Amino acid sequence: MCGIAGSLRLGGEEEVRAVNSMTNALIHRGPDSGAVVRRGRAVLGHRRLAIIDTSKAANQPMDDKATGLCIVLNGEIYNFQEIRAELEGYGETFYTKSDTEVLLKSYARWGESCLQRLNGMFAFAIWNPLDQTLFLARDRLGKKPLYYQNTKEGLIFASELPALLRHPAAGRTVDPRAIGHYLGLNYTLEGRCIIQAFEKLPAGNFLVWSPEKPLRRERYWYLTDSFRNKRRFSSQKEATEALNELVDDAVRLRMISNVPLGAFLSGGLDSAAMVASMVRQQPQNGIRTGTIGFK
């Protein structure tokens with residue numbers, strides 16, 4: 001877990017102070033390091049929980065020297081090693097072992113279409129100083145949160161509502177319909193936030209901001225895409241083996257880490273299956289687990 005925040009409003013040191021306050025509100029998401037940078041009109045902030053490449057070289061915000069692109073990422077790109085190998089085949093040089101740098105160079109080469117290559121959970125922002133655009137994207141199922149407010153003065157965004165509220169320009173008016181959603185469902189529906197001026201970037205969507213064009217938001221992935229190529233099995237045993245292979249592959253990708261791993265056991269079948277898969281793949285190390293009980 002990390003936290004990101006940023007502002008595209010025209011301003012001086014007051015915008016840097018505002019984004020710094022926003023990232024301070026996200027320190028619980030990223031206690032390992034934090035920084036705020038100003039790149040032209042863009043001010044980007046990050047709080048890091050170091051998982052892959054824990055060196056200072058992989059801290060964020062991260063710049064690409066060749067293009068001037070700057071990124072802040074919350075999440076993890078599980079297939080970054082495969083994408084990195086492909087990029088190296090094109091002659092790209094890497095200075096870290098992080099998935100963040102792979103994502104940054106993927107966008108530099110493929111632009112918006114890089115999203116089709118990503119297997120992961122993420123919310124990220126990339127500032128392009130050449131055309132003065134900000135690219136925001138959220139993973140397919142929306143595992144990582146991203147909130148924003150668009151005004152005539154510019155855009156502000158953050159991983160959490162309390163961080164967004166730290167900006168002086170943030171709205172304060174409560175949306176009564178969203179309150180109704182929360183009281184009836186224990187959450188607000190995708191199109192609304194508790195604060196009227198705020199919006200959530202929906203799962204599987206990206207957003208492009210530029211100073212002289214309307215905000216552009218597009219969906220890059222649909223759930224139905226996953227069901228177009230259906231697999232058929234001749235027996236329950238064959239289907240069971242295929243499911244086990246898929247689960248093991250998903251768990252394997254999530255076990256790529258430079259820090260110790262553990263698992264939370266909720267008492268249900270899903271977490272037990274995940275831990276069983278972890279043990280199958282690392283039987284020699286053992287898996288640290290935790291659970292919570294109530295009297």
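**View 1. The open sheet, built from six strands in the order 2-3-1-9-8-10 with antiparallel pairing.** Strands here are DSSP E runs of at least two residues and helices are H or I runs of at least four, both numbered from the N terminus; two strands pair if DSSP finds at least two bridges between them. Strand 2 (33–39) and strand 10 (199–200) are at the edges, each with a single partner strand, so one side of each has no neighbour in the sheet. The model is predicted: local features need pLDDT of at least 70 and side-chain atom pairs pLDDT 80 or more, whereas totals for chains, interfaces and linings use all residues. Residues are numbered from 1 along each chain as its sequence is written, and side-chain values use heavy atoms, with hydrogens and water left out.

**View 2. Strand 1 (residues 3–7) beside strand 9 (residues 154–158), running antiparallel.** Three bridges join strand 1 to strand 9. Ser7 is placed opposite Ile156 of strand 9. Helix 1 (residues 13–24) lies across strands 1, 2, 3 and 9, at about 25° to strand 3.

**View 3. Gln60, in the loop between strand 3 (42–48) and strand 4 (62–63).** Gln60 counts as buried because its relative accessibility is 6% (buried is under 20% relative accessible area, exposed over 50%, partly exposed in between; 1.4 Å probe, protein chains only). Its side chain makes a polar contact with the side chain of His46 at 3.4 Å and reaches the backbone nitrogen of Leu73 at 2.5 Å. A polar contact is a pair of N or O atoms within 3.5 Å; within protein, one must be able to donate a hydrogen and the other to accept it, and residues adjacent in sequence count only if both atoms are side-chain atoms. Beyond neighbours within four places in sequence, the contacts of Gln60 include Ala35, Ile71, Val72 and Thr100 (contact: heavy atoms within 4.5 Å).

**View 4. Cys114, buried with a relative accessible area of 0%.** The whole structure has zero disulfides, a disulfide being a pair of cysteine sulfur atoms within 2.5 Å. Cys193 is also buried, with a relative accessible area of 3%.

**View 5. Helix 6 (residues 236–254) crossing helix 7 (residues 269–281) at roughly 75°, with axes within 9 Å.** Helix 6 is therefore roughly perpendicular to helix 7 (65 to 115 degrees; under 35 is roughly parallel, over 145 roughly antiparallel, the rest oblique). Axes are lines fitted to C-alpha atoms, for helices over the stretch in contact, with angles from 0 to 180 degrees between N-to-C directions. Val247, Asp248, Val251 and Arg252 of helix 6 meet Met274, Ser277, Met278, Arg280 and Gln281 of helix 7.
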